[in-house]
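Student: I would like to learn how to read ring pairs and helix packing in a model. Please take me through one case.

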Amino acid sequence: MRLIPSHAPVRLVPGALAFFSLTSLATAQQTTEPPAPLAVPVVATPAAPAGSGLLSQTAAAEPMVSQILMRDESLAQVLDLVERWTGRTILRPQSLPATTYTLTLPKQVTKGEALQAIETLLNMNGVALTPMGDRFIKATALNLVRSEAPELIEGSALNLPPSGRIAAKLFQLDFLRVTEFVPQASTLLNQALGAAPVVFEKANAVLITDSVANLQRIETLIQQLDRPILAGVASKSYTLQFAKASDVVNKLRTLLSGPLAAQIGTTTTYQADDRTNKVILISDARQQQFFDDLIAQLDVRADPNTRTDVIKLNNAEAADVATLLSQLVTGQTAAARTAGQESNARQNNRTPAQPVAPPGGNAAAAVVQNAAATETFSSLLTILADERSNAIVVSGTADDIRLLKELVAKIDVLLAQVRIEVVIAEVSLGDEATSGIDSLGLRVEDNKLTGFLASGPGASIGGIGTDGAVTGFADSSGYGQNLTAAIGLSTTPRKNNTTILSVPTIVTSHNKEAEIFVGETRPVISGTTSAASGSTSGLTTSSTVTQQEIGIRLMVTPLIGPDGSVQLEVEQEVEDVLGTVIIDGNEQPRIGRRTTTSFVSANNGDIIVLGGLQRNSNSKTTSRLGPIPIIGDLFGRRSRSNTRTDLVFFLRPVVLTNNTAIDNAEVIQRLEKNPQGKAIKAVIDARPAAAPALPSTAETEATAAEQPAQP
């Protein structure tokens, strides 16, 4: 190693640069300069505090070293040089990492800086120097320095010159949790030390042993991270003059959704206080100007662009459509309110450790809050039904009316219609028959008439082939023969067991109930009132009479499919008089009731057969001439009879195609068979055709707008 003091410059001959060992350097210094205590504070900097380095106890100005050249010097030579420069004795163990040292300091440095470089070089090679008071320095292996009581730094380590000297420092955390910080900070420490941080969890502190340079890095990192979570977050309230606070907040959530929500950050929240009509903002202070400008643009006076329009209906009823639309708007408003409350609750209950999603987290909230304004109804919408003109009167914004017209166009459609032909037959049952269907010899599968039995007494089934297919129709849609002719009910001269009670035909729409009633009404006393008479003594009794319908009632509700299939809900109700009973001196009828409910699926033109509403009637006749059994029977006779009857319903649904010619084909055929059919048909044909429908107001305005203006 070659060392050239600044006060004794040495001129070197080119090509003859000499390398002196540390021992020779020490000898040269003893002959040229008397040994004296070294005082080497850092030049041009304040004196280092106590414990800041190996030369911390010196006071005088240290000499400058212009150049240091070390080439493959041994550890003993390096430690001897440190002893002479510091004036302290180095205590060393028997074994230290054996290696050679090379160091080049080409520029002028102080002895303190040179010692700092040598100390760092030793640490890099596994040797640590620890000051032991004012007279000694302890040299240990780097991995043992933790147990050798390294220097404990009090105060800030940032005031020390950065070096590889091993020291320990206790870091006290205020806001950052030590259990969260230590696992991350451990990756920055010197792993060769084998000195894991010592955590004091209850005190929220950690003791770290490492080089001064690493301790300074840890301290700088703690200064940046050990801060309150809400550092830099400020609150601000905006008092609105024209807009409603909740409307402005909903608008902000719509505008600041998606990628913008990630840029604003999860710590930014804004809530509406409708009680004071304020918007409360909690965000970084640097974002307040952005919200100032945005809220100022939303809080302006704006008259609502409302209008009133009348939407005429062609097929639906105004009251039903108005109720449906009102429920839709009310439900949408309630969903928006619920979604806003859930979003506010999530933002108020979140913790710093949990990531916060953008406002409107669930699916329902996202649809309501993030939908465009043109796809939702405003709070200005009003819907009324005008039953006189069968129209809907709406008042709202242009978008409200546009959306309602689109909805009404989808709702106000012509529902499919079905004509249901019905034949009600009463069949007397013999002892061997279990039902009217068996008595007539019908073959019924899934409530559908598919054929007849070979030995069916009392009836013949026309219009049905032996293969079960229904025939005799004008086309495949089920038009042509009427139902009575199709089933061909007829009786034989030998046995008359079938009576056709009614042959009605009803027409109804999809999901619209139709009703058939065949019977009579009878007066029934429903109440009796007794009052004192004014002129005579006693009570006057008066009765309240109501009309009771007694007969056969058939109610059918069809559901028509797009493929022409029909699902029928059929309710059958039969009431008949079983006898009489005396109530309060009044004879009242005893009414028996039989009801059934069926759900049947059929195709267009299928014949449905329903039965099973049976009734038993007992009758007793006598022509005896006296109470004496034998003598009375000589001049007369008596008899008893038990009769069973069953009601059989035949139904044939025919889906109408809204084509007048096809739908009325069967009626025209019946008219042609009627003696007065030609006269009726002539009157129908003489009627003028329906006038064309007038264009709507919207169509007229659109046509006028397309035409060029006349000069």
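Student: Which residues do ring pairs link into a cluster?

Tutor: Note that this is a predicted model. In it, ring pairs join Tyr270, Phe290 and Phe291 into a cluster.

Student: How many aromatic pairs does the count come to?

Tutor: The count comes to 2 aromatic pairs. Tyr270 and Phe291 make a tilted pair, with 5.8 Å centre to centre and 50 degrees between the planes. That pair links distant parts of the chain: Tyr270 lies in strand β13 (residues 269-273) and Phe291 in helix α8 (residues 288-298), 21 residues apart.

Student: Why is the pair of Phe290 and Phe291 edge-to-face?

Tutor: Planes over 60 degrees apart count as edge-to-face. The planes of Phe290 and Phe291 stand at 85 degrees, with the ring centres 5.4 Å apart, so this pair is edge-to-face.

Student: Are Tyr270 and Phe291 buried or exposed?

Tutor: Tyr270 and Phe291 are both buried. For Phe291 the relative accessible area is 1%. Phe290 has 42% relative accessibility and counts as partly exposed.

Student: What share of the chain do buried residues make up?

Tutor: Of the 711 residues in the chain, 36% are buried.

Student: Where does the charged end of Lys169 sit?

Tutor: The charged end of Lys169 is placed over the ring of Phe171, 5.4 Å from the ring centre.

Student: Let us turn to helices. How are two packed helices described?

Tutor: Two numbers are used: the angle between the axes and the distance between the axes. Here, helix α6 (residues 245-255) packs with α8 at an angle of about 120 degrees, and their axes are 11 Å apart.

Student: Which residues make the contact?

Tutor: From α6, the contact uses Val248, Lys251, Leu252 and Leu255. From α8, Leu294, Ile295 and Leu298 take part.

Student: How many helices and strands are in the chain?

Tutor: The chain has 18 helices and 28 strands.

Student: Among contacts between residues at least 6 apart in sequence, what percentage join residues at least 24 apart?

Tutor: Of those contacts in the chain, 67% join residues at least 24 apart.

Key: Residues numbered from 1 in each chain as written. Predicted model: local features only at pLDDT ≥ 70, side-chain atom pairs only at ≥ 80, totals over all residues. Heavy atoms only, no water. Phe/Tyr/Trp six-rings, centres within 6.5 Å; stacked < 30°, edge-to-face > 60°. Helix = DSSP H or I, 4+ residues; strand = E, 2+ residues; numbered from the N terminus. Buried < 20%, exposed > 50% of the residue type's maximum accessible area, 1.4 Å probe, protein only. Lys NZ or Arg CZ within 6 Å of the ring centre and 35° of its normal. Axes fitted to C-alpha atoms, helices over the stretch in contact; angles between N-to-C directions. Contact = heavy atoms within 4.5 Å.
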